[in-house]
Each structure stands twice: as structure tokens, then as C-alpha cells.
Amino acid sequence: MQRATIVIAARETSFYGAVAFFFVLAAFPFYWMVITSFKENSDLYNVTNVPFWFNQPPTLEHFRYLFEKTLFTTWLLNSLIIGLCVTAITLITALPAAYSLARMTGRNGEALGIGIFLTYLVPPTLLFLPLSRVIAELGLQNSMWSLVLVYPTFTIPFCTWLLMGFFKALPPEIEEAAIVDGCSLFGAFIKMAIPLSLPGILTVVIFTFTLTLQEFVYALTFVSASDQKPITLGVATDLIRGDIFYWGEIMAGALIASIPVAIAYNLFLDRFISGITGGAVK
Amino acid sequence: MAVIAEPIAKPVSRFRFILDRRDVLGAVFVAPAILYVLLLVGLPLLMAVYYSLSAYTIYNPTWQFVGLSNFQDIIENSVFRETLYNTFIFTFGSQILGLVLGKFGALLLLRRFPGRKFVRALVILPWAVPIALATVAWQWMFDSLYSVINWTMIALGIITREQAPNWLGNPDLAMLSVIVVNAWRFFPFAIVIFLAGITAVPQDVLDAATVDGAGFWRRNYQIIMPMILPIVAIGLIFGIVFTFTDLSIVFLMTMGGPVGATSVLGFAGFQTGIVSGDVSHGAAISLFMLPVLLIVVVAMLRFIRRREI
């Protein structure tokens with residue numbers, strides 16, 4: 001009896017120990033962002049200080065610097081504009097495409113859908129050379145509008161695939177009833193299918209937005225003017241002056257840019273997973 | 001067959017009539033998406049192939065065809081061979097580490113315990129947060145002087161300050177660092193994939209196996225693993241594609257250094273093609289990703305087909 005209790009206690013301890021390990025592994029870099037961004041420089045750059053907590057009172061100096069002395073607000077605004085435009089382009093193209101592939105094109109639709117989805121796997125590092133030429137031809141080099149043009153190349157395939165799943169899950173009888181009642185095919189799509197798949201559309205909006213925030217390679221390749229950079233690129237590359245890293249400011253910027261994406265992901269994670277696994281798991 | 005009644009022709013415009021045909025409207029609906037993807041993915045892909053066979057640089061933008069000589073140049077270059085080797089080490093190292101962490105994490109999160117939802121939400125973070133920003137945080141953690149990792153090891157008495165490693169300055173440690181960061185980025189994805197797979201295994205199958213005398217490990221490796229293999233394979237395919245072609249982690253943490261020790265295909269293509277402007281050689285370097293991508297795509301199609309049967 002005594003022995004069994006010890007075994008159970010040991011098992012519980014190792015279980016929670018393992019959970020704690022994962023917890024620290026995942027969260028520590030973010031804790032590090034937070035603590036760095038609120039620390040005085042003299043506290044940061046002192047190897048004798050315990051780095052895990054404040055040795056001097058916390059400060060908002062880095063945030064103030066970020067908003068007043070750098071282009072941080074411009075980058076935020078750029079990212080917002082890019083995200084909104086890409087979301088609009090994605091919805092306008094992917095919604096009808098997904099509906100068509102789910103409902104109107106029969107068996108070919110499935111194959112075509114897989115074909116479109118596979119283009120999501122074509123990496124930016126293979127396409128950036130020719131695309132930079134395309135962008136130069138269009139006169140968009142060094143402008144954030146180049147990203148508005150290029151980002152739909154991965155958001156359209158992804159969102160078409162995601163929305164296809166949504167439309168397939170919708171019972172076709174509803175649209176059929178609308179058509180019997182005198183609605184055109186187009187009208188059935190606008191008045192029936194779209195309102196009924198609003199949760200799917202919301203998911204797509206959130207994911208398009210976060211995908212544009214996460215993108216780095218195209219932004220790095222096409223945009224080098226500081227005032228045209230999206231936030232991820234600006235924070236990662238533009239807060240370094242000369243060879244000196246301003247860690248307080250960099251971490252503060254990274255923190256602000258990370259928070260919305262982290263929240264969005266946690267809310268819509270399950271939809272994302274069933275999207276990329278193609279509904280292999282229901 | 002006798003016609004009972006003539007269908008009454010409705011007075012509608014021809015335009016509407018065309019749009020009411022299922023196949024026509026279907027094609028109209030799908031056309032913008034296909035065009036977008038063809039013009040900005042398909043066409044550039046062909047251009048990349050042609051660049052790699054031409055003598056194109058930004059200083060001399062000719063389309064002169066030079067055959068396979070660009071490929072010959074880069075294969076004969078020992079720096080490139082190292083890059084290719086690094087890419088494989090980087091990809092497989094981080095995927096294996098990520099999968100192991102993912103499997104363990106998923107097993108832990110399967111059990112109900114207080115605070116499970118909170119832990120799950122936090123564990124997703126490395127994958128959710130833009131990788132460029134998380135990489136910068138890691139770069140700061142690997143700092144040559146103020147590294148928190150070194151500080152902890154010194155404080156625990158494992159090493160002295162003189163022995164403190166320069167994570168990003170030593171070739172082997174730099175490779176280890178970028179692998180760790182990439183595995184760290186992917187393990188939440190692996191956890192989620194494993195969780196989705198395991199929870200989809202029907203409970204009665206597991207119960208039947210338990211009744212038949214299968215223990216924990218046997219259930220795990222002879223029942224659950226084969227059943228979740230397709231979904232894990234799809235997750236792995238994503239991981240491999242995005243790691244094999246990655247640029248951001250290496251670019252931000254090590255710039256391919258020290259002396260090319262962490263240079264990977266995406267980074268080398270960027271340096272040669274964009275920074276140095278030698279577009280044709282850059283394209284040839286990038287195209288070395290294509291065989292791996294093709295294998296992956298074929299594997300993906302096989303899994304999707306299997307799912308349909």
C-alpha cells in the first residue's frame with residue numbers, strides 16, 4: 001500500500017515536471033521579450049545582475065522610444081493596410097472559387113482544388129527571383145504594394161482550400177430550395193451560401209491577416225525602404241543601428257506585433273488544423 | 001415519347017441565361033483564383049527554371065541560353081556543396097527534434113489536468129508568433145555576452161564565465177542553435193497534429209485492444225501510430241517543405257555564418273540572386289529545392305487519395 005502511494009506520487013511528479021518543461025520551453029522566449037522590453041538599459045547590460053527579474057524598477061522608456069523616435073507606427077499602419085488589402089483580394093477570389101470547386105465542377109473540382117492547394121507549398125525562396133523582376137516591371141519595387149500583389153499567391157490557395165471544406169459541409173438543399181423559389185444560381189450563392197458560411201469567412205479573414213503578418217521572405221526581398229516595411233520586417237531588421245542591437249526596443253516591438261497573432265491563432269487553431277490536414281480528421 | 005406540354009420560355013436576358021448554367025458560372029467563379037495563381041506562381045516558376053539556364057544578372061539582363069553550365073558551376077563549388085549538406089542537416093535535425101517533442105507533448109496534453117487549456121494555449125505560441133520576431137528573441141538569448149542561457153549555466157556552476165560558449169560564433173553550435181530554434185518553432189504544430197490524430201482514434205478500438213491484452217506501449221505503437229500515420233505524414237510534409245526552403249531563421253540569427261557553417265539553400269539563393277544580383281546562379285541554387293518539393297508533392301497526393309478511399 002505504502003509502495004503504491006510512492007509510485008503514484010513519483011508518477012505524478014514526473015508528469016507535472018514534464019508539463020512544466022514544455023511550458024517553460026514554449027513560453028520562456030516570450031517571457032524574455034516581456035522582461036527585456038520593460039528593463040532599464042543599465043539593468044539589461046550587466047552580467048552580474050540576475051537576468052530573470054528586475055534589478056531596477058521597470059521602465060516604459062523602450063516603448064516610448066519605439067513610438068516616438070522610430071517608424072514603428074508607420075510599420076503598424078503598413079501592416080494593417082497590407083493585411084486589409086490582401087484579405088479583400090483573397091475573399092473576392094477565393095470565395096467564388098471555393099464555392100465553384102465544392103458545388104459546380106463535380107469531380108474535376110476536387111482535383112483542381114488539390115492543384116490550387118499544392119501551390120501553397122511552392123516556397124517564396126524559389127519564386128522571389130522571378131517575382132522581383134515582375135515587381136520591377138510593374139514599378140512596385142521598394143513599395144509595400146508589391147506585398148499586396150504577392151501575398152495573395154499563398155493566401156488564395158490556402159483560403160480556397162479552407163472554404164471548400166466549409167461549402168461542402170453546407171447542405172445543398174438550402175440553395176436548391178432558393179433556386180426553386182426563383183433565385184438565380186448567382187443569387188443562391190450571394191444570398192444563401194455566403195451568409196451561411198460566415199464562420200468560415202471569419203476564419204479566412206483572421207488567417208489571411210495572420211499569414212500576412214508572419215510573412216518575412218517576400219518583405220525582405222522586395223522592400224528595403226524603411227517607411228514601406230511591414231511590422232515584422234521593420235522590427236527584425238530596422239532597429240539595429242550600425243552593429244548595435246537595441247534589444248529593449250526590439251523586444252518591445254516584437255512583443256506588440258506578436259500579441260494579436262497569438263490570440264488569433266489560439267481562437268482559430270482547430271479550423272486551421274482541419275484545413276491543412278484536408279479534413280483527414282473530423 | 002409524347003410531349004405533354006411545351007416548356008414555357010421565360011422572358012429573361014441572355015446574360016442571365018448563361019450565368020444560370022452551372023458549368024459556365026462555375027468556370028467564371030473559379031477563373032480569377034486560377035489566373036492569379038497561374039500568373040504569380042506558375043509563370044514565375046517557369047521563369048525561375050529559365051533563369052537557371054541563362055546568363056541573366058541584374059547588370060547584364062540578357063536571356064542568353066547557357067544550358068546547364070550554371071548548375072555545373074555551383075555543383076563544382078565546395079561552398080555550395082556544404083550549403084546543400086547544411087540544408088539537409090537543418091531540415092532533418094529540426095524535424096526529428098520537433099516530432100519527438102511533439103509526440104511527448106501530445107501524450108502529456110491528452111491527460112486532463114488543471115490548467116490544461118492554459119498550457120495548451122501557451123504551447124501553441126512558438127508556432128503562432130511570426131517566426132522573424134521569435135527568432136530575434138532567440139538571437140538575444142544566444143547573445144555572445146548577455147546570453148541568459150550562459151548566465152544560467154554559470155549560476156548553476158556547470159561552466160565558468162571563461163568557458164561560456166559563443167552560441168552563434170562557433171560553427172557547430174551555430175548549426176545546433178538554428179536547428180533548436182526551428183524545432184522550437186515546429187513542435188507546437190507537431191503537438192497539435194498528434195493530438196488531432198490521437199483523439200480521432202475511436203475509443204472502442206482502443207478498448208478492444210486493451211481487452212485483448214495490449215499494454216500502453218503496444219496500444220501506442222501498434223494501434224495508434226499506424227492509425228494516425230496519414231495525418232502525421234501530412235504534418236511532416238508541411239514541416240519539411242517549410243524548413244527545407246526556409247530563409248528567415250538563418251538570415252536573422254547567423255547570416256549563414258560563421259564562414260558558411262549555417263548557410264542553407266534559401267539563404268544562398270538570396271545572397272547570390274538578390275544581394276549579389278547574380279540571378280541565374282541564384283535561381284539554379286534555389287532550384288535544388290525542386291526535387292525535394294516534387295517528392296513531397298507526390299507523397300501528399302498519395303495520402304490525399306488514400307483518405308478518399
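# A walk through a two-chain model

Let's start in the middle: the largest nonpolar core has 156 residues, and those with the most contacts inside it are Ala98(A), Leu163(A), Ala254(A), Leu133(B) and Ala137(B). A nonpolar core here is a set of buried Ala, Val, Leu, Ile, Met, Phe, Trp, Tyr and Cys residues joined through C-beta atoms within 7 Å. Helix H8(B) supplies the largest share of this core, 17 residues. The core also draws at least three residues from each of domain 1 (2-59) and domain 2 (70-276) of chain A.

Before going on, keep in mind that this is a predicted model: local features need pLDDT of at least 70, side-chain atom pairs count only at pLDDT 80 or more, and totals for chains, interfaces and linings use all residues. Residues are numbered from 1 along each chain as its sequence is written, while chains are lettered from A and ligands numbered from 1 in the order in which they are written.

Now pick out Leu133(B), one of the core residues with the most contacts. Leaving aside neighbours within four places in sequence, Leu133(B) is in contact (C-beta atoms, placed from the backbone, within 7 Å) with Thr232(A), Val235(A), Ala236(A), Ala254(A), Ala257(A) and Ser258(A).

That brings us to where the chains meet. The contact takes 72 residues from chain B and 73 residues from chain A. On the side of chain B, helix H2 (residues 22-52) gives the most, with 16 residues. Helices, by the way, are DSSP runs of H or I with at least four residues, numbered from the N terminus. The side of chain B that touches chain A divides into 58 nonpolar, ten polar and four charged residues. Ala, Val, Leu, Ile, Met, Phe, Trp, Tyr, Cys and Pro count as nonpolar, Asp, Glu, Lys and Arg as charged, and the others, Gly among them, as polar.

Chain A itself is split by the domain assignment into domain 1 (2-59) and domain 2 (70-276); such bounds come from an automatic or database assignment. The C-alpha centres of these two domains of chain A lie 35 Å apart. Their contact takes seven residues from domain 1 of chain A and six residues from domain 2 of chain A. On the domain 1 side, H1(A) gives the most, with four residues.

Over in helix H14 (residues 247-276) of chain A sits Ala252(A). Is Ala252(A) buried or exposed? With 27 C-beta neighbours inside 10 Å, Ala252(A) counts as buried. The cut-offs are 20 or more other C-beta atoms within 10 Å for buried, 12 or fewer for exposed, and anything in between for partly exposed. Leaving aside neighbours within four places in sequence, Ala252(A) is in contact with Ser37(A), His62(A), Phe63(A) and Leu66(A).

Compare Ala200(B), which lies in helix H8 (residues 171-200) of chain B. Ala200(B) is partly exposed, with 14 other C-beta atoms within 10 Å. The C-alpha atoms of Ala200(B) and Met227(B) are separated by 9.1 Å, though the two are 27 residues apart along the chain.

Finally, stay in chain B and look at helix H3 (residues 69-76) and helix H13 (residues 279-287), whose axes come within 9 Å and cross at roughly 70°. Axes are lines fitted to C-alpha atoms, for helices over the stretch in contact, and angles run from 0 to 180 degrees between N-to-C directions. Where they meet, Asn70(B), Phe71(B), Asp73(B) and Ile74(B) in H3(B) face Ser280(B), His281(B), Ala284(B) and Ile285(B) in H13(B).

Notes: Helices (H or I, at least four residues) and strands (E, at least two) are DSSP runs, numbered from the N terminus. Two residues are in contact if their C-beta atoms, placed from the backbone, lie within 7 Å.
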